[in-house]
Amino acid sequence: CTADSCNKTTGCVFTLTQCDYCQNPGPGLPPVVCQQTDPCNPASCNSNNGSCTTTPVVCNDNNLCTTDSCDSSSGSAVCVFTPVNCPYTDPCNPQSCSATNGNCIVNPVNCDDKNPCTTDTCTNNNSNATCIHTPIACNNNDPCNPQSCNVTNGNCFTTPVVCNDNNPCTSDSCVNNGGVAQCQFTLNPCPNSDPCNPQSCNVNTGSCFATPVVCNDNNACTNDACVGTSGSAVCTYTYKGCSGNTACTPKSCNVTTGVCYDLTPPNCNDGISCTTDSCAVNSGSSGYTCNHTPVNCPAGFDCTTAAQCNDNNACTTDTC
């Protein structure tokens, strides 16, 4: 283990060198041979002292989520990288290994259906994760104002039931009929204080208008009128009468034209020229009386013939 040389000045020089004790364990000794009993821990000779030491095979995949080991069952060193086994007890919250630190972390199943109107949950269904999307329940206690969910923000909003019969003469409303929305169309009342001019509603404008009761007996000789009696309309037909119509000057009305015309007056002629004949209407009663007023003739001219002296009495003999 020395390098020997001669120095002309000092003489022999013995310089210590690196000695390989594995190859030269000593004078007359063979090189050191280490026994290989475990491929995963191979033995090698230490050249500094000639001893055999084992150096384990390094199995490292630089993955914190594997357990690295060496397998010599086949007679050779084989690196085995076994994944870290995280506990699996809840399928909705499976665990996996963190590549950052090798710890097991929970990764909840994402059941988000991107619909704000559902409540999203995960359930264990025979060891399988099953997503359930339950619709948000909005308040529907009032069937006339049902609520539904806004798919934009998940808020409940009301959509009133529209009751419209397109008739301005009705008041339209919605009522709760045993939990069912029912439309009601109530006719708007019009004032009807005058039965001869009843009012009704205009379906185009919703305004009330009067339609007078028509009283017409198709007789031009009557005045036709409507009279409100006890809340009912009663037609009256009053005869117009003719001006100057008396028992002595009878007149009648033409029902077609309404024009009065003369009837044949009573005949009050007694056939006596020495009387003035006239007709007088009886006072306070109907009928008439014929008056025969003697004519005051000049002396000697009272009569000229016996016929002029007829007193219409069969029991007298009339002479002139």
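Student: Is lysine 114 buried or exposed, and why?
Tutor: Lysine 114 counts as exposed because its relative accessibility is 68%. Exposed means over 50% relative accessible area, buried under 20%, and partly exposed in between, with a 1.4 Å probe and protein chains only.

Student: What kind of model is this, and how are residues numbered?
Tutor: It is a predicted model in which local features need pLDDT of at least 70 and side-chain atom pairs count only at pLDDT 80 or more, while totals for chains, interfaces and linings use all residues. Residues are numbered from 1 along each chain as its sequence is written, and side-chain values use heavy atoms, with hydrogens and water left out.

Student: Where is lysine 114 found?
Tutor: Lysine 114 is in the loop between strand 8 (104–106) and strand 9 (118–125). Strands are DSSP runs of E, at least two residues, numbered from the N terminus. Lysine 114 is not a glycine, yet its phi is positive, about 60°.

Student: What about phi of asparagine 218?
Tutor: Phi of asparagine 218 is also positive, near 60°. Asparagine 218 sits in the loop between strand 16 (208–210) and strand 17 (222–229).

Student: Changing topic, why does threonine 275 count as buried?
Tutor: Threonine 275 counts as buried because its relative accessibility is 17%. Threonine 275 belongs to strand 21 (residues 275–281).

Student: Which backbone oxygen does the threonine 275 side chain reach?
Tutor: The side chain of threonine 275 reaches the backbone oxygen of isoleucine 272 at 3.0 Å.

Note on methods
Helix = DSSP H or I, 4+ residues; strand = E, 2+ residues; numbered from the N terminus. Polar contact = N/O pair within 3.5 Å; in protein donor to acceptor, adjacent residues only side chain to side chain.
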